[in-house]
Amino acid sequence: MQQPPPSLPPSVESSEVVEAYEEFGKAVEAREREEWLIRFLKLHPFVQEKTPVEHEYETHTVTVVGFQLAVYKFRKWLSKEGREYKKAAGGMSDDGLYTLSPMLREVMPRGLHQIRFNNNNNSTENTTMLFKGIPKFSGLVASDEDEQSNATASIFFYHGKKVSDAGGFYVTAKSNGENAKLGCAMVDGVPYLISGSKNTCIVWPAMDPVEKHQKANNPNFPAPFIALLYSDWFLRLTKHEKKRFIHQMTQNFGTIMAEINTPWYEHVVPIHRVYMEWYCLLGLDGKPVHPNTAFEFFHSFGVRATFPSLSQPDPPRKHKTPTTPENIGERVFGASRFNEIKEGKFALDEKTSYIGHVYFQHHDIKELEETVEKIRNAKNTEGAVLYLTDSKSDRVIGLVKVKSSQYVIRRRLRENLKGGLFNPLKGGDIKEFLTGGTVSPQKNGNQKKKKKSMHLIEALAKTKERISSGAKKLTHVPGCAKHWKEWARFGCGFAEWWCESRLLNGLKPESIELDTVLLEARIRIASLFSEFSQALEASEK
């Protein structure tokens, strides 16, 4: 039987920290539990309390304080005093920290904010609440994690349960976007909407369009766009639907978990429009409610599945002619809407629906192995999140991620391309493009020792070596021994194609808009993979 990982020592999680955690567990009243939880978070050395943010509205002044894992402190500790725990953690990430702290696993979700509403007409009246993200959950196996750690699915299960206690499970598509969470509050008769990404939180009067208080004009920050889509959706509801939604979200449920997908920030699946997918509903205790309850709730407000299956449909062929240095700017900025946002011209279409939910389907636990294999073999998807339900009570006992093999392979390819081509080009380390991108090395005495520059053809050769080596090391991906050369051919072929189509192999550097080329590589990498695949298919016909 696998032994649980060791816990952080008393020198880190002191008696005061333990006491606050225990008192939180004993507390019955919601206000008391909140107070002990906040005390625990303030005392824990690996939790960071963020600077309060204040918003003043007609009836209330709203103060938001965020809490997040201080992973940088954990890394520093692991490299010095906590070296003996490094192996048990498995990595210097938040997964490693959660692995070593059962207390943080229990009480610190993926995003937590304390919100205080002070009544502007009565300084003695205030209301506080917690806005929580989803509890941490891990991959079914280590290869389903993006970062290395020793986290296993079982240590994140609820109520002391494990996979063997499950009688069934629900497959939900793993959306390919950025973390989003949605909530509500009713304070002194005034309804508020609350939304955010993992570590952000925006609060505004529900009946106001959020643009009145918060502009969505920076593509690098997803939170304002999450708020924009949420506000737009809510204000389209009927008066009765608004009232019912606020009531249920304040009396019965806590947070809607979602992911926002935008064409200006792809991972490994192409995104051609802006949309948000709801995938989970948290109860007032912060734990996921049963999937049937969640999706029935979504359907009751007209939210339907974005795609009819786990995989997204193949991306459309938008252009009959290839992308060239002459048209790349028009195509990148047109497809991503990047400049449209920065120029303050981004707006939603009142006839377009921007919110849906992920695909989901129920299975008996006997189908687990077969279903996981299908997920791993699926294309055009990041994978799935499985809700496991108890064989006796049918309540949710845990969530696990299962990544598709295509996602794992292309994510590794993306990282190899960053290290071998994209970053050296950006830093001015390629001789044909010595000026680099906009963010090029500083020309003062404080800059780090500059790497020796090389020609593009040399960088390409080294990148291809990295890609081949990386593909061979994907031993945790099913079929690696048989298929790694095929994966390497795709990756090396992509690197060659990219250097030729985007950089003209360095032969005419003066004609290359390097900033635009690198922007496309950063925000539209999945569409680049798709474009190369289509070019490959066309050449083989």
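How many salt bridges does this structure have? Counting a side-chain nitrogen of Lys or Arg within 4 Å of a carboxyl oxygen of Asp or Glu, the total comes to 24 salt bridges. Before going further, keep in mind that this is a predicted model, where local features need pLDDT of at least 70, side-chain atom pairs count only at pLDDT 80 or more, and totals for chains, interfaces and linings use all residues. Residues are numbered from 1 along each chain as its sequence is written, and side-chain values use heavy atoms, with hydrogens and water left out.

Let's start with a few of those charged pairs. Glu49 and Lys42 meet through their side chains at 2.9 Å, N to O. Glu49 is partly exposed at 39% relative accessible area; on this scale buried means under 20%, exposed means over 50%, and partly exposed is in between, using a 1.4 Å probe and protein chains only.

Asp94 pairs with Lys198, and their closest N and O atoms are 3.5 Å apart. Helices (H or I, at least four residues) and strands (E, at least two) are DSSP runs here, numbered from the N terminus. Asp94 is buried at 13% relative accessible area, whereas Lys198 is partly exposed at 29%.

Another salt bridge joins the side chains of Asp390 and Lys161 at 3.3 Å, N to O. This pair links distant parts of the chain, with Asp390 in strand β15 (residues 383-390) and Lys161 in the loop between β6 (138-139) and β7 (166-173), 229 residues apart. Asp390 is buried, with 7% relative accessible area, and Lys161 is partly exposed at 25%. There's also a network of salt bridges linking Lys174, Glu259, Glu382 and Lys403.

Strand β15 takes us to an open sheet of five strands, in the order β6-β16-β15-β7-β14 with mixed pairing; two strands pair if DSSP finds at least two bridges between them. At the edges stand β6 and β14 (360-364), each with a single partner strand, so one side of each has no neighbour in the sheet. The partner of β6 is β16 (residues 396-403), joined to β6 by two bridges in a parallel run. Across from Gly139 you'll find Lys401 in β16.

On a 1 Å grid over the protein atoms alone, a cavity is a set of points where a 1.4 Å probe fits but cannot get out, while a pocket is an open set with protein on both sides within 12 Å along at least five of seven lines; lining residues have an atom within 4 Å of a point. Grid points are joined across faces, edges and corners, and a volume is the space filled by probe spheres set on the points.

There are two cavities of 30 Å³ or more. The largest cavity has a volume of about 100 Å³. It is lined by 16 residues, with Ala173, Glu277, Phe307, Leu310 and Gln312 the closest to its centre. The lining has five nonpolar, eight polar and three charged residues, where Ala, Val, Leu, Ile, Met, Phe, Trp, Tyr, Cys and Pro count as nonpolar, Asp, Glu, Lys and Arg as charged, and the others, Gly among them, as polar.

The second largest pocket has a volume of about 1,100 Å³. Its lining takes in 36 residues, and Ala30, Leu130, Lys132, Leu284 and Asp285 lie nearest its centre. Strand β5 gives the most to this lining, with six residues.
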